[in-house]
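Reader: Please take a close look at one part for me: the aromatic pairs. Tell me where they sit and what surrounds them.

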Amino acid sequence: MPMNEGCVGKVYPPTAPYEVGREKIKEFAAAVREGNAACWDTEAARALGYPDIIAPPSFPMVLTLEAEHDAVHDPELGAANQNRFVHREQRFAYNRPIHAGDVLTVTVRLAGVDSVGGNDVVTYESTLKAADGEHVCTGRSTFVIFNQEGGDVT
């Protein structure tokens with residue numbers, strides 16, 4: 001069953017504030033084998049002009065994937081067979097790096113619905129803002145919902 005294209009443009013409520021912790025950044029940096037000293041060492045980050053250590057570029061996935069959960073499961077969208085949801089692509093456009101101590105919220109917008117190889121493809125745009133309303137970065141996530149017959153994605 002195709003997804004409801006009428007939902008494109010729908011904006012979901014912002015998430016609860018998330019405080020970015022120094023240890024969370026370090027754990028994520030270790031997981032992705034980040035070598036930038038500014039992700040590990042406060043003094044190295046401050047030498048570059050940041051108030052504290054900065055998060056690796058893909059860190060917003062911690063927040064955006066969780067924020068997109070409600071949008072993915074929106075009954076109005078009609079994402080049938082959600083256990084066959086596969087993350088296809090992720091991109092981030094930064095206004096500034098995320099650093100320890102940031103308090104961020106995420107607002108998700110359904111950016112697009114498409115069909116590829118008989119499978120549904122959905123794209124979300126997630127805007128991360130600091131507590132003062134400053135735009136920090138925008139993420140774009142694309143997911144594929146495979147059809148019942150197991151179509152291919154090209």
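**Aromatic pairs and their setting**

Author: A search of the whole structure finds two aromatic pairs. Rings of Phe, Tyr and Trp (its six-membered ring) pair if their centres lie within 6.5 Å; planes under 30 degrees apart count as stacked, over 60 as edge-to-face and the rest as tilted. F28 and F59 make an edge-to-face pair, at 5.4 Å centre to centre and 85° between the planes. F28 lies in helix α1 (residues 22-31) and F59 in the loop between α2 (42-47) and α3 (61-72), so this pair ties together parts 31 residues apart in sequence. Helices (H or I, at least four residues) and strands (E, at least two) are DSSP runs, numbered from the N terminus.

This is a predicted model: local features need pLDDT of at least 70, side-chain atom pairs count only at pLDDT 80 or more, and totals for chains, interfaces and linings use all residues. Residues are numbered from 1 along each chain as its sequence is written, and side-chain values use heavy atoms, with hydrogens and water left out.

F28 is buried, with a relative accessible area of 17%. F59 is buried too, at 1%. Buried means under 20% relative accessible area, exposed over 50%, partly exposed in between (1.4 Å probe, protein chains only).

Now the other pair. Y124 and F143 have ring centres 6.0 Å apart and planes at 65°, so they are edge-to-face. Y124 lies in strand β4 (residues 119-130) and F143 in strand β5 (residues 135-145), so the pair ties together parts 19 residues apart in sequence. Y124 is buried, at 0% relative accessibility. F143 is buried at 8%.

Both of these strands belong to an open sheet of five, in the order β1-β3-β4-β5-β2, with antiparallel pairing. Two strands pair if DSSP finds at least two bridges between them. The edge strands are β1 (18-19) and β2 (85-94), each pairing on one side only. β2 and β5 pair over nine bridges. F85 stands opposite I145 in β5.

D52 is buried at 8%, whereas R22 is partly exposed at 36%.
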